[in-house]
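Me: I'm new to this one, and I'd like to go through it slowly. Can you take my questions one at a time?

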Amino acid sequence: MDIIRKATVNDIPAIREIAEVAFPATYSDIITEEQIAYMMEWMYSEDVLRKEIAGDVTWLLMELDGVASGYVSFGPEGTDGQYHLHKIYILPACQGKGHGRALFLAAEEEMRRRGAEIFELNVNRHNKALDFYLKMGMKINRSGDFDIGGGFYMNDYILGKYL
């Protein structure tokens with residue numbers, strides 16, 4: 001059975017395992033190995049994940065036949081009614097089968113349930129997922145080059161969608 005459920009601190013190892021495969025697979029043709037390693041520590045260290053899950057960032061975990069295969073994270077940002085979708089990743093072997101769409105829609109529905117009126121997400125300008133987000137009804141609002149430390153930048157579009 002395939003399920004999407006709220007992740008807990010007990011799911012941190014599963015989230016990290018997915019990230020260790022999906023994140024480099026997504027970015028190996030876009031950014032350097034050094035930046036991938038930096039960003040993995042910056043976003044997926046156990047401490048960071050523990051703080052996010054205990055805080056106001058919601059993580060949803062997808063299990064396909066009992067195996068953790070993807071995740072999405074989101075949380076409130078800025079003014080009332082505004083949310084940010086932080087991350088959405090599916091194991092490469094599970095992509096192209098509607099699982100990303102299911103995770104995206106689950107996050108969107110939960111944000112709507114919590115009173116979100118709009119949500120945004122950042123996507124690297126060269127990430128092939130851009131087409132997916134546009135198909136999901138998101139629009140490019142702006143772009144930017146964001147200093148993330150370590151001499152690295154995220155070169156992103158900021159997409160938005162009204163709910």
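Me: Are Lys87 and Glu52 buried or exposed?

Reply: Keep in mind that this is a predicted model. Both Lys87 and Glu52 are buried, and the word buried is used for a relative accessible area under 20%.

Me: What makes Lys87 and Glu52 a salt bridge?

Reply: Their closest N and O atoms are 4.0 Å apart. The cut-off is within 4 Å, for a side-chain nitrogen of Lys or Arg and a carboxyl oxygen of Asp or Glu, so Lys87 and Glu52 qualify. Lys87 sits in strand E4 (residues 82–90) and Glu52 in helix H3, so this pair ties together parts that are 35 residues apart in sequence.

Me: Why is Glu46 called partly exposed?

Reply: Its relative accessibility is 39%. Buried needs under 20% and exposed needs over 50%, so a value in between is called partly exposed. Arg50, at 38%, gets that label too.

Me: What labels do Arg114 and Glu110 get?

Reply: Arg114 comes out at 32% relative accessibility and counts as partly exposed, whereas Glu110, at 17%, counts as buried.

Me: How many salt bridges does the structure hold?

Reply: There are 11.

Me: What makes the contact of H2 with H3 five nonpolar and one charged?

Reply: The axes of helix H2 (residues 33–44) and H3 come within 5 Å and cross at roughly 40°. Trp42, Met43 and Tyr44 of H2 meet Glu46, Val48 and Leu49 of H3. Glu counts as charged, while Trp, Met, Tyr, Val and Leu count as nonpolar, so the tally is five nonpolar, no polar and one charged.

Me: Why is Ile90 called buried?

Reply: Ile90, in strand E4, has 8% relative accessibility, and buried means under 20%, so the label follows. Leaving aside neighbours within four places in sequence, Ile90 is in contact with residues including Ala22, Met62, His99 and Leu103.

Me: Which residues touch the most other members of the largest nonpolar core?

Reply: Of its 50 residues, those are Ile15, Phe23, Tyr44, Trp59, Tyr71, Leu85 and Phe104. Helix H1 (residues 12–27) gives the most to this core, with eight residues. In general, nonpolar side chains tend to be buried together in soluble globular proteins.

Me: How do you know that strand E2 is covered on both faces?

Reply: Thr58, Leu60, Met62 and Leu64 on one side are buried, and so are Trp59, Leu61 and Glu63 on the other. In a regular strand, side chains alternate between the two faces of the sheet. For E2 (residues 58–64), seven of its seven residues are buried.

Me: Why are E2 and E3 called paired?

Reply: Pairing takes at least two bridges. E2 and strand E3 (residues 67–76) have seven, in the antiparallel sense, so they pass. Strand E1 (residues 3–6) also pairs with E2 in the antiparallel sense, over four bridges.

Technical notes. Residues numbered from 1 in each chain as written. Predicted model: local features only at pLDDT ≥ 70, side-chain atom pairs only at ≥ 80, totals over all residues. Heavy atoms only, no water. Buried < 20%, exposed > 50% of the residue type's maximum accessible area, 1.4 Å probe, protein only. Helix = DSSP H or I, 4+ residues; strand = E, 2+ residues; numbered from the N terminus. Axes fitted to C-alpha atoms, helices over the stretch in contact; angles between N-to-C directions. Contact = heavy atoms within 4.5 Å. Core = buried A, V, L, I, M, F, W, Y, C linked by side-chain atoms within 4.5 Å.
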